[in-house]
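Let's walk through this model together, one feature at a time. Keep the viewer open as you read.

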Amino acid sequence: MSFFEIQNPLKENHDFHGHVSWKCPSNIALIKYWGKRPIQMPANASISFTLDKAYTITSVHYQPRRTSDKWVQFSFEGKEEISFEKRIVKYLSSITDHIPWIKQLSFKISSENSFPHSSGIASSASSMGALALCLCDIEEDIFKISDNSLFRKKASYLSRLGSGSACRSLYPQLAAWGTSSIIKNSSDLYAVPIEGIHEVYNNFHDDILIVSDQEKAVSSSAGHALMDTNIFAEKRYDQAEIHMKTLLNSMKNGDLHAFGKIVEDEALTLHALMMCSDPSYILMEPNTLEVIKRIRTFRKSTGLPLFFTLDAGPNIHILYPNHIVPQVTSFINKDLISLSLEGRIIRDQVGQGPTKIA
Ligand code: PMV
């Protein structure tokens, strides 16, 4: 059962129609969510930076659904996208118990991303976040509800049912998802914002160096499922909780090197778990390893707080504080960019969370 009130179905001859539009950023996990339980609940708590420049804008036009109407029409970057449309229909069908009124409307949904496909940025996080925000906004409009904190929580809950990590994208800067003894009010059902962190993280940088734009060898749902039979699974879930404690301490007191140690360990653990799964996957490319080696050499020789993390793919997220931008920029240009695919890098940073588009 939901933690929020389920709104009644609409009257049969209702005339609700309108248009909403939301911009929702993607996120990059610092403590990784890898492994899940039904329904779409995490095996361990995770935490992520909300990004700024990597976002999805989704617009939804809604009107009373007539029998002849198609329920959902979806276009991505101006073109009809039948495969995404099917995914959205499946998603909306799966959440009708929570928002029954969606069966009584038809939707024209259009979406665009600020970043290219297969770039190491989770488009499912930003797109599911944006869609869930639009749905909650429509509900507020139709049922004349206004409760800001519940609105975010509910959007986080609904986006989680579309893509687990999406639920963390709903908050500014830093958000955690999954029950943890260390995080007050944490939940497996939705993410919560994490406040009170050191100011050095407010505008932390995340430059994403693209080494490959090939489709992922394994989808994230198949990847999560591999944890069900991974012999290290239980140890990993314990480790994530210990990491969460150390990471949050380092983020409260601004200890960048303690922060970086955990973040890199998390990235390599994620990949190690995939390598020792059955079937096994190696998702790093030779240049991924070379970039990691060079980042570590740079850190050792300069003492500067430059770190990496990885998603379930070969592209590298390069993390560093704002005060070392000049040194990092020259290092990337001199030593890393030649290892990227066609010089591709997306320069992002920690952002302020979703916004409604007027
Ligand atoms: O939300 P999903 O099912 O796409 O899984 C995300 C998994 C990772 O990106 C590897 C880790 C995370 O916590 O975001």
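Asparagine 185 sits in the loop between β8 (174–177) and β9 (191–193), where helices (H or I, at least four residues) and strands (E, at least two) are DSSP runs numbered from the N terminus. Asparagine 185 has a positive phi, near 65°, although this residue is not a glycine. Before going on, a word on the basis: this is a predicted model, in which local features need pLDDT of at least 70 and side-chain atom pairs count only at pLDDT 80 or more, while totals for chains, interfaces and linings use all residues. Residues are numbered from 1 along each chain as its sequence is written, and side-chain values use heavy atoms, with hydrogens and water left out.

Two other loops hold cis peptide bonds. One of these bonds joins proline 38 and isoleucine 39, with omega at about -15°; isoleucine 39 belongs to the loop between β2 (36–37) and β3 (41–42). Another cis bond links aspartate 278 to proline 279, with an omega of about 0°, and proline 279 is in the loop between α6 and α7 (286–302).

Now turn to the helices. How do α1 and α2 meet? The axes of helix α1 (residues 82–94) and helix α2 (residues 123–143) come within 13 Å and cross at roughly 50°. Here axes are lines fitted to C-alpha atoms, for helices over the stretch in contact, and angles run from 0 to 180 degrees between N-to-C directions. The two helices α1 and α2 are therefore oblique to each other (angles under 35 degrees count as roughly parallel, over 145 as roughly antiparallel, 65 to 115 as roughly perpendicular and the rest as oblique). Their crossing is right-handed, a term for the near helix being turned clockwise from the far one by less than a right angle, with anticlockwise giving left-handed. Arg87, Ile88, Tyr91 and Leu92 of α1 touch Ser124, Met128, Leu131, Ala132 and Leu135 of α2, contact meaning heavy atoms within 4.5 Å. By class, the contact of α1 with α2 has 7 nonpolar, 1 polar and 1 charged residues; Ala, Val, Leu, Ile, Met, Phe, Trp, Tyr, Cys and Pro count as nonpolar, Asp, Glu, Lys and Arg as charged, and the others, Gly among them, as polar.

Helix α2 also packs on helix α3 (residues 148–162), their axes coming within 8 Å and crossing at roughly 135°. This pair is therefore oblique, and α2 passes α3 in a right-handed crossing. On the α2 side the contact includes Met128, Gly129 and Ala132, and on the α3 side Phe151, Lys154 and Ala155 are among the partners. The residues of this α2 and α3 contact divide into 7 nonpolar, 3 polar and 4 charged.

Among the contact residues are His243 and Leu247 of α5 and Phe259 and Ile262 of α6. This contact of α5 with α6 comprises 8 nonpolar, 5 polar and 3 charged residues.

Finally, which residues surround the ligand? They are Ala29, Lys32, Tyr33, Trp34, Ser163, Gly164, Ser165, Arg168, Ser220, His224, Leu270 and Asp311, each with a heavy atom within 4 Å of the ligand. Aspartate 311 has a side-chain N or O atom 2.7 Å from a ligand oxygen atom. Polar side-chain atoms of serine 220 and serine 163 lie 3.0 Å and 3.4 Å from an oxygen atom of the ligand, respectively.

Definitions and conventions. A polar contact is a pair of N or O atoms within 3.5 Å; within protein, one must be able to donate a hydrogen and the other to accept it, and residues adjacent in sequence count only if both atoms are side-chain atoms.
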